[in-house]
Amino acid sequence: MAHFIFDCDGVLVDSEPLSMRVDVQILAENGVVMSEEEAHRRFVGRTFSAMLDEISREFGASFPADASTHKDLRLLKLYETDLRAVDGVESTLEALGPQHFSVASNSPYERVETALRIARLTRFFGNRITTFEHVARGKPEPDVFIEAARRAGFAPEDCIVVEDSVTGVTAAHRAGCHVLGFTGTHPHPEEQAAKLLNAGAASVFRHMAELPRLVSERIL
């Protein structure tokens, strides 16, 4: 029996547009003008710290030491009013049950926990949340998936990962998991599908309702 590990942002909750909105605001406040589309293309799936490091090198910008804290506060406030679960994800998790699932994310633990609560998905995951804060290296390194599998009592090769970003697919593939790429929240799904397959996804799908069929047919 396989264990399912889901990314959170863009897979369980449609949070990427909210996150990018806050990111570009923080960049602008520190002298770097970037569109939400460009920020999404360049940094989706990566940690906020990794984004700031790259921006600092590229533009010579400096950011306050508490920039991450400010982002979390702004984003959590947006979550309370604007965050929604990905269309069809609740019924899909019910269809895949009755087993429990895990989350492996490059977002902070508190943010993931809050997102699941607001989207009313906590009952599927409980405290089985592993984030970059729990490992030495975040995605695209494999650590977060290896740790999530260990906590669930499974070997990585016995886990099915659902990811929406090249960064996440790369990490899960490196961990030795079976990876399915989800494109349903991406602004350019067909283009993203090719990128996810190239990064190591065994298959891609656009609608959450497709996932139980993919699993039952073992398209891995």
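# Close-up views of the model

**View 1. Strand E1 and its partners.** Strand E1 (residues 3-6) is joined to E2 by 2 bridges, in the parallel sense. This is a predicted model, in which local features need pLDDT of at least 70 and side-chain atom pairs count only at pLDDT 80 or more, while totals for chains, interfaces and linings use all residues. Residues are numbered from 1 along each chain as its sequence is written, and side-chain values use heavy atoms, with hydrogens and water left out. As for the labels, helices (H or I, at least four residues) and strands (E, at least two) are DSSP runs, numbered from the N terminus. Two strands are said to pair if DSSP finds at least two bridges between them. E1 also pairs with E4 in the parallel sense, here over 4 bridges. Phe6 has Val103 as its bridge partner in E2 and stands opposite Val162 in E4. Ile5, for its part, stands opposite Ser102 in E2. From E1, His3 and Ile5 point one way, Phe4 and Phe6 point the other way, and all are buried; buried means under 20% relative accessible area, exposed over 50% and partly exposed in between, with a 1.4 Å probe and protein chains only. In a regular strand, side chains alternate between the two faces of the sheet.

View 2

**View 3. Strand E2, covered on both faces.** In E2 (residues 102-105), Ser102 and Ala104 lie on one side and Val103 and Ser105 on the other, and all are buried. E2 and E3 run parallel and are joined by 3 bridges. Val103 has Ile129 as its bridge partner in E3.

View 4. E5 (residues 178-182) and E6 run parallel, joined by 3 bridges, and Phe182 stands opposite Phe205 in E6. Angles run from 0 to 180 degrees between N-to-C directions, and axes are lines fitted to C-alpha atoms, for helices over the stretch in contact.

View 5. Contact means heavy atoms within 4.5 Å. Leaving aside neighbours within four places in sequence, Gly181 is in contact with Glu163, Leu196, Ala201, Ser203, Val204 and Phe205. Gly88 is 93 residues away from Gly181 in sequence, and their C-alpha atoms are 16 Å apart in space.

View 6. Ser165 is found in the loop between strand E4 (159-163) and helix H9 (166-175). Ser165 is buried, with a relative accessible area of 2%. A polar atom of the Ser165 side chain lies 2.9 Å from the backbone nitrogen of Gly168. Beyond the neighbours within four places in sequence, Ser165 is in contact with Val44, Gly45, Gln192 and Leu196.

**View 7. Helix H1 crossing helix H4.** The axes of H1 (residues 16-29) and H4 (residues 67-82) come within 10 Å and cross at roughly 140°. This crossing is right-handed: a crossing is right-handed if the near helix is turned clockwise from the far one by less than a right angle, and left-handed if anticlockwise. Residues making the contact include Leu18, Val22 and Ile26 of H1, along with Leu75, Leu78 and Tyr79 of H4. By class, the contact has 7 nonpolar, 2 polar and 6 charged residues. Here Ala, Val, Leu, Ile, Met, Phe, Trp, Tyr, Cys and Pro count as nonpolar, Asp, Glu, Lys and Arg as charged, and the others, Gly among them, as polar.

**View 8. Helix H1 against helix H3.** H1 and H3 (residues 48-59) pack at an angle of about 35°, with their axes 12 Å apart. H1 passes H3 in a right-handed crossing. From H1 come Asp23, Ile26 and Leu27, which meet Phe48, Met51, Leu52 and Ile55 in H3. How many nonpolar, polar and charged residues does this contact have? The contact of H1 with H3 has 6 nonpolar, no polar and 1 charged residues.

Methods
A polar contact is a pair of N or O atoms within 3.5 Å; within protein, one must be able to donate a hydrogen and the other to accept it, and residues adjacent in sequence count only if both atoms are side-chain atoms.
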